[in-house]
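Subject: Structure handover and findings

Dear colleague,

Please find below the structure that I am passing on to you. My notes on it follow directly after.

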Amino acid sequence: MANRTIGILGLGIFGQSVLKTLQDQDVDIIAIDDHEDVINQYESMITTGIVGDITEMDLLDAADIGNCDTVVIATGENLESSVLAVMHCKALGVERVIAKVKNEVTKEVLEKIGADLVILPEVEAGMSLAKMILFQHGIEVFQLDEAVVVAEFTVPASWVGKSLQDLAVREEYHLNIIGYRNAEDQPLQIQISPAFIWPEGVRVMAVTDNQYLDRIQDLLD
């Protein structure tokens with residue numbers, strides 16, 4: 001991750017959360033917001049902080065946004081602003097543009113004009129919460145998009161003492177295992193081979209499709 005440059009356009013609640021998550025990583029951060037007090041508040045976390053309008057091409061160019069590997073357009077309140085920001089970032093040569101939006105209409109527009117990833121935080125959070133309510137046994141569900149989720153759950157009793165290879169979880173359960181935790185508050189272990197033997201009590205993390213979540217529930221019943 002060394003020598004990467006990330007741009008964050010807009011330091012509202014969403015933009016601030018992205019910034020705070022990135023601050024301890026080995027990246028340079030260019031942040032632009034139209035409130036000087038906000039830029040000053042996060043000055044210690046930012047490589048370059050600019051006060052100004054993210055819809056102005058000249059300002060983005062002067063801020064060196066074109067040299068960013070990824071730019072996050074973190075505002076999402078105004079369609080015109082988001083459209084202009086996406087178009088300008090792409091025109092400046094930004095490889096990956098991620099935009100936050102409020103509704104599906106804006107999402108479709110930004111995808112059509114070149115945004116590489118468009119997210120609806122409120123919608124995705126609501127979908128994840130609904131799945132957590134529906135599924136018992138401590139299954140945690142994190143929505144990646146409309147079809148794909150990350151699920152975290154306690155290793156099923158039927159898996160204990162068996163290897164990933166023996167269980168053939170991808171073929172049998174449509175699960176792509178990311179890793180496991182020894183407990184909920186422990187780091188995720190991602191060095192996991194087909195010969196790994198599942199111990200009792202660990203937490204499994206896997207990617208799957210929405211339609212296969214019921215299979216995890218069945219495993220844990």
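In these notes, a residue is called buried if its relative accessible area is under 20%, exposed if over 50%, and partly exposed in between (1.4 Å probe, protein chains only). This is a predicted model, in which local features need pLDDT of at least 70, side-chain atom pairs count only at pLDDT 80 or more, and totals for chains, interfaces and linings use all residues. Residues are numbered from 1 along each chain as its sequence is written, and side-chain values use heavy atoms, with hydrogens and water left out.

Cysteines

A disulfide is taken here as a pair of cysteine sulfur atoms within 2.5 Å, and the count by this rule is 0. For C68, the nearest cysteine sulfur belongs to C89 and is 7.8 Å away. C68 counts as buried because its relative accessibility is 4%. C89 is in no disulfide either, and this residue is buried with a relative accessible area of 0%.

The open sheet

Helices (H or I, at least four residues) and strands (E, at least two) are DSSP runs, numbered from the N terminus. Two strands are said to pair if DSSP finds at least two bridges between them. On that basis, 6 strands form an open sheet with parallel pairing, in the order 3-2-1-4-5-6. Its edges are strand 3 (48–51) and strand 6 (117–119), each of which pairs on one side only. On average, neighbouring strands of this sheet are turned by 15° against each other, direction ignored; axes are lines fitted to C-alpha atoms, for helices over the stretch in contact, and angles run from 0 to 180 degrees between N-to-C directions. Strand 2 (residues 27–33) is joined to strand 3 in the parallel sense over 4 bridges, and D33 has V51 in strand 3 as its bridge partner.

Helix 1 (residues 13–22) lies across strand 1 (4–9), strand 2, strand 4 (70–73), strand 5 (96–100) and strand 6, and runs at about 160° to strand 1. Helix 4 (residues 79–91) lies across strand 1, strand 4 and strand 5, at about 170° to strand 5.

The aromatic cluster

Rings of Phe, Tyr and Trp (its six-membered ring) pair if their centres lie within 6.5 Å; planes under 30 degrees apart count as stacked, over 60 as edge-to-face and the rest as tilted. The count by this rule is 6 aromatic pairs. One of them is the tilted pair of W159 and W198, with 5.7 Å from centre to centre and 40° between the planes. W159 lies in the loop between strand 8 (148–154) and helix 7 (164–167), and W198 in the loop between strand 9 (176–181) and strand 10 (203–209), so this pair ties together parts that are 39 residues apart in sequence. Both tryptophans, W159 and W198, are buried. W198 also pairs with F196: the ring centres are 5.0 Å apart and the planes stand at 90°, so this pair is edge-to-face. F196 is buried as well, at a relative accessible area of 16%. F153, W159, Y173, Y180, F196 and W198 form one aromatic cluster.

Other residues

R203 lies in strand 10 and counts as buried at 5% relative accessibility. S193, in the loop between strand 9 and strand 10, counts as partly exposed at 38% relative accessibility.

With kind regards

Methods
Contact means heavy atoms within 4.5 Å.
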